[in-house]
Amino acid sequence: MSAMKAEEKAPVRLFWLQSGGCGGCSLSLLGAEAPDLVTVLEAANIEVLWHPSLSVSSGAEVIDLMERISDGSEPLDILCLEGSVMRGPNGTGKFHIMAGTDRPVMDWVEALAKKSRYVIAVGSCAAFGGITAAGSNEVDACGLSYDGRKPGGLLGADFRSAAGLPVINVAGCPIHPGWLTETLHQIAAGRFTTRDIDEWERPLSYTMHLVHHGCARNEFYEFKASAERLCDLGCMMENLGCKGTQARADCNMRAWNGAGSCLDGNYPCINCTAPGFEEPGHGFTETPKISGIPVGLPTDMPKAWFVALASLSKAATPKRLKENAVADHFRQPPVDKQKKR
Amino acid sequence: MSRLIVGPFNRVEGDLEVKLDIQDGAVRQAQVVSPLYRGFERILTGKAPFDALVYAPRICGICSVSQSVAAAKALSAAMGLGMPANGERAVSLIHATENVADHLTHFYLFFMPDFAREVYASESWYEDARDRFTAIKGTAAQDMLPARAQFMHVLGLLAGKWPHTLTVQPGGSTRSVAAGEVARLAAILAAFRRFLERHLYGDRLERIAGLSSADELAAWAEEKPAISSDFRRFLQYAQELDLAALGPSTGRYMSFGAYGTESSPLFGRGLYVNGAPGELDPQQITEDLSHAWYAASDGPLAPFEGATQPDAERSEAYSWCKAPRLSGDVVEVGALARQLVDGHPLIRDLVAASGGNVFTRVVARVLEIAMVVIAMEQWANELVPEQPFIAHGQLPETGEGVGLTEAARGSLGHWLRIEKGRIANYQIIAPTTWNFSPRDENGVPGALEQALAGAPVRPGETEPVAVQHIVRSFDPCLVCTVH
């Protein structure tokens with residue numbers, strides 16, 4: 001009986017636009033696993049009206065669909081924008097004119113967002129401006145409801161979609177497929193509310209955590225056994241710019257591409273889910289320090305305690321960790337007191 | 001004469017518009033418009049050189065690793081830094097995974113769905129094509145997506161994640177691999193081989209890679225019914241629709257060479273011009289700005305002297321894409337060019353018979369999947385755990401470097417100049433910049449613009465299906481094109 005009911009339910013209709021980005025969030029999404037993307041969308045009862053890389057229709061058919069959505073004759077449940085909003089030059093939006101329309105993409109985004117029940121910014125570009133806003137942001141790239149850390153963006157800080165929610169910022173560069181598919185699933189089931197988002201309107205389902213959680217280097221962190229070169233196994237916070245103890249995401253709790261994370265790839269977390277990550281103010285793989293102490297300490301830890309604990313734990317670092325921390329492969333296995341190797 | 005504007009042009013990477021002048025049921029001339037400008041070259045200027053490894057891959061979500069490889073090569077050239085053998089193999093594996101996955105994505109998700117269009121409803125194979133290749137809903141996507149995702153575990157293991165990894169560095173890979181992980185790599189590749197042999201080819205990879213002439217390919221296709229594999233299906237459609245007659249190439253091809261070492265790459269560097277191989281001199285590369293929305297330059301510029309100063313109001317311009325030329329000529333890049341330059345006998349024979357076109361571009365891509373996966377199995381087998389995967393070095397305060405490599409869709413180059421320890425100039429020429437360039441100062445159209453001339457347009461067509469096939473046969477990446 002319940003199975004029949006699910007079949008009868010009208011599909012949740014999704015439209016996807018791309019603008020000032022790299023398309024990497026869509027490509028990451030294609031790697032969705034257990035189950036795959038097609039199955040996930042089916043399970044969530046989502047009908048993709050149009051996605052630039054997946055759908056069959058091109059040209060006039062798509063423009064017609066966008067026009068019908070903007071004039072209200074075609075209902076839309078979810079609008080996804082991937083990539084930054086391109087406002088330049090001089091507010092004209094000419095850095096991205098929608099192909100076939102002579103109209104800036106930012107106008108289309110605004111028109112469709114006004115009609116959609118939910119609006120999702122897919123990736124840090126669409127959420128905050130992201131990489132496209134790096135440097136002096138000559139192209140005037142911004143997010144849907146933020147211009148970097150500043151509320152506003154294309155739609156304004158007060159924007160609420162027809163369902164009464166602000167823009168949902170599935171930030172990340174790129175997104176993990178699960179961050180989006182789970183959000184879509186919750187929306188389609190009618191279970192996504194303002195309680196499910198954090199202070200930057202990112203889904204708490206993944207920003208409840210720090211990248212630090214589940215990091216395979218935690219033992220090195222505990223003993224402040226630090227990596228010195230990109231390839232070393234030790235903790236990358238002290239010397240290599242790792243922001244895992246501040247960055248909000250569950251990257252080390254769910255596998256990327258079945259097996260990895262940035263940290264598992266032996267390179268630091270660059271906090272890509274945060275607004276402004278594209279301009280850290282220092283080299284991405286360097287840790288800025290003041291008198292030898294890293295500036296960016298874990299977000300909610302008193303500094304004096306951190307320093308005290310760090311010096312204590314450094315004094316207690318086992319030889320095994322000291323040696324492995326500065327090696328590119330594990331040299332010393334853990335010791336079993338009952339039996340020597 | 002009438003004008004058609006086709007766009008947004010989907011199932012390509014990024015946004016694209018094509019303007020067609022139509023006369024007597026055929027395209028008379030075409031203008032290819034890349035409508036998005038982001039300005040990566042300007043973002044990179046003034047940054048610390050190593051930060052290019054964070055920014056450059058984010059030019060493109062589908063050629064991300066290729067961008068990393070080109071940036072790392074430009075940096076290593078400036079540093080005078082070599083790479084340990086493990087590093088070469090690991091970087092080749094990472095790069096090959098992206099390129100093979102891109103070929104697969106192109107074939108199954110971008111190119112083949114066009115054969116499920118209504119316009120082919122009267123063809124004998126239509127029902128099968130519709131069941132198999134309809135966008136999103138077809139059985140092929142359902143078979144391919146899980147296989148692709150599982151294949152990408154190579155990148156989870158070797159690169160942390162995809163896209164946008166930082167493992168690829170000037171001196172190799174940050175990620176060393178342990179003995180157990182070498183075994184895992186072998187298992188992932190074996191699973192992927194099984195998918196390819198069962199679904200894409202219906203035959204052993206070695207058999208496909210070893211096909212050496214047009215006759216052998218035709219005989220191979222005849223061995224089993226077309227519905228026995230997706231490649232055979234394509235060969236049937238190609239023959240019945242005469243795809244070899246669509247989208248003729250200019251006959252000049254270029255490849256920067258890919259994988260392995262600079263001195264002995266898997267696929268060699270060079271040219272292939274009007275049926276003859278030739279040497280490539282990268283010094284002969286220039287970019288022409290005459291029809292692009294940038295401040296005018298004093299003639300075409302070599303990349304080291306290149307400038308990127310956007311000017312959206314320039315009247316004679318119609319694209320954000322610059323027009324790269326080699327010795328002033330248009331060249332085509334991509335899997336077809338790569339295999340012509342490297343001398344694969346099947347591809348050279350096919351091109352001798354019918355030239356570069358929609359058919360030969362797709363065959364070269366499908367062939368390359370088999371060739372590269374065989375090479376990947378070997379590289380994985382040659383990894384030596386406990387030996388170094390990376391060399392470290394110092395950046396010079398002043399210097400320059402060029403990074404040339406091959407993305408799935410063709411030749412990618414980065415030209416880097418460092419002054420006072422910062423990036424003084426960074427110029428990028430991407431594969432689709434070559435293929436989808438606008439006209440140059442002599443009014444010569446780019447490779448796609450030339451390939452579109454003469455394309456048939458059926459009565460009443462607003463999105464001519466022949467144009468769809470031709471555009472997608474290049475596997476364009478528009479986000480790379482303009483960057």
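A residue is here called buried if 20 or more other C-beta atoms lie within 10 Å of its own, exposed if 12 or fewer do, and partly exposed in between, with the C-beta atoms placed from the backbone. The model is a predicted one, in which local features need pLDDT of at least 70 and side-chain atom pairs count only at pLDDT 80 or more, whereas totals for chains, interfaces and linings use all residues. Residues are numbered from 1 along each chain as its sequence is written, and chains are lettered from A, and ligands numbered from 1, in the order in which they are written.

With 15 C-beta neighbours inside 10 Å, N45(A) counts as partly exposed. This residue, although not a glycine, has a positive phi of about 60°, and its place is in the loop between α3 and β2 (46–50) of chain A; helices (H or I, at least four residues) and strands (E, at least two) are DSSP runs, numbered from the N terminus. A positive phi is also found in chain B at R11(B), another residue other than glycine, where the value is near 50°. R11(B) belongs to the loop between β1 (2–6) and β2 (17–23) of chain B and counts as buried, with 24 C-beta neighbours inside 10 Å. Most residues other than glycine have a negative phi, and most peptide bonds are trans. A cis peptide bond joins A34(A) and P35(A), with omega about 0°, and P35(A) is found in the loop between α2 (24–30) and α3 (37–43) of chain A. In chain B, a cis peptide bond joins W162(B) and P163(B), with omega about -5°, and P163(B) lies in the loop between α7 (153–159) and β4 (168–169).

According to an unreviewed UniProt entry, the feature "binding site" is placed at E41(B), I428(B) and H483(B). These residues are spread over 443 residues of sequence but cluster in space, the largest C-alpha distance being 8.0 Å. UniProt positions are given in the numbering used here, feature names are shortened, and annotations may be inferred rather than shown by experiment. I428(B) is found in strand β15 (residues 422–429) of chain B and is buried, with 28 other C-beta atoms within 10 Å. H483(B), found in the segment after α18 (478–482) of chain B, is likewise buried, with 27 other C-beta atoms within 10 Å. Two residues are taken to be in contact if their C-beta atoms, placed from the backbone, lie within 7 Å. Leaving aside neighbours within four places in sequence, I428(B) is in contact with F40(B), E41(B), H414(B) and H483(B), while the contacts of H483(B) on that basis are R38(B), F40(B), E41(B), I59(B), I428(B) and A430(B).

The contact between the chains takes 72 residues from chain B and 63 residues from chain A. On the side of chain B that touches chain A, at least two residues each are supplied by β1, α1 (40–44), α2 (52–55), α6 (139–151) and α7 of chain B, and α6(B) gives the most, with six residues. By class, this side of chain B has 40 nonpolar, 20 polar and 12 charged residues, where Ala, Val, Leu, Ile, Met, Phe, Trp, Tyr, Cys and Pro count as nonpolar, Asp, Glu, Lys and Arg as charged, and the others, Gly among them, as polar. I5(B), whose place is in strand β1 of chain B, touches G100(A), E17(B) and K19(B), not counting residues up to four places away in sequence. With 17 C-beta neighbours inside 10 Å, I5(B) counts as partly exposed, and its C-alpha atom is separated by 5.8 Å from that of V18(B), 13 residues apart along the chain.

Helix α4 (residues 85–111) of chain B has 27 residues and reaches 37 Å from its first C-alpha to its last, close to the 39 Å expected at 1.5 Å a residue, the expected span being 1.5 Å times one less than the number of residues. α4(B) bends by about 30° at T105(B), the bend at a residue being the angle between axes fitted to the seven residues ending there and the seven starting there. Of the 27 residues of α4(B), 26 are buried, so the helix is largely enclosed by the rest of the structure.
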